[in-house]
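We will go from stop to stop, selecting a few residues each time.

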Amino acid sequence: IMARSTTLLGVDDIEEKKKIKLYPNPSIESITFSNNENLDENFEYYIFDLTGRQVLNGNSKFNEQINIINLTKGNYFIQIETENGEIFNEKLIKN
């Protein structure tokens, strides 16, 4: 049991090190990704509807707004890929 707890803490530590946050979510007009490491890092983003169809993509930076006002209301998946090849996936709700 001790070893298992230690392993879980280790995983948490790794997740804390690279923290990507999407806000506001749900959103009406725009979304922003924040990052606790490299604030100026560029990334590419891809937004998909629930059928897997890409509905929006582009380039942005952490802490810059991404305009989603033209998306219809609903649920989406957003994927970002950072300059160093890290990929993050989030669910997005558009109001």
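Here is a short tour of a predicted model, with something to select at each stop.

Zoom in on β3 and β4, an antiparallel pair with seven bridges. To find your place along the pair, select F43, which stands opposite S60 in β4.

Stop 1: Next, select β2 (30–35). How many of its six residues are buried? Six of the six are, so β2 is mostly covered. Show the side chains and look along the strand: S30, T32 and S34 point one way, while I31, F33 and N35 point the other way.

Now bring in β1 (20–23). β1 and β2 make a hairpin, with six residues between them, and four bridges join these antiparallel strands. Select K21 to see it opposite S34 in β2.

β2 also pairs with β5 (residues 65–67), again in the antiparallel sense, over three bridges.

**Stop 2: the nonpolar core.** Which residues touch the most other members of the largest nonpolar core? Select F33, I47, I78 and L92 to see them, out of 15 residues in that core. The elements giving two or more residues to this core are β1, β2, β3 (42–49) and β6 (74–82). In soluble globular proteins, nonpolar side chains tend to be buried together.

Stay with I78 and display its surroundings. Leaving aside residues up to four places away in sequence, I78 touches L22, I31, F33, Y45, Y46, I47, F88, N89, E90 and L92.

**Stop 3: the salt bridge.** The structure holds one salt bridge. Select D49 and R53, whose side chains meet at 3.3 Å, N to O. Are the two partners buried or exposed? D49 counts as buried because its relative accessibility is 13%, under the 20% cut-off. R53, in contrast, has a relative accessible area of 52% and is therefore exposed, the cut-off being over 50%.

Terms used: Residues numbered from 1 in each chain as written. Predicted model: local features only at pLDDT ≥ 70, side-chain atom pairs only at ≥ 80, totals over all residues. Heavy atoms only, no water. Core = buried A, V, L, I, M, F, W, Y, C linked by side-chain atoms within 4.5 Å. Buried < 20%, exposed > 50% of the residue type's maximum accessible area, 1.4 Å probe, protein only. Contact = heavy atoms within 4.5 Å. Pairing = 2+ DSSP bridges. Salt bridge = Lys/Arg side-chain N within 4 Å of Asp/Glu carboxyl O.
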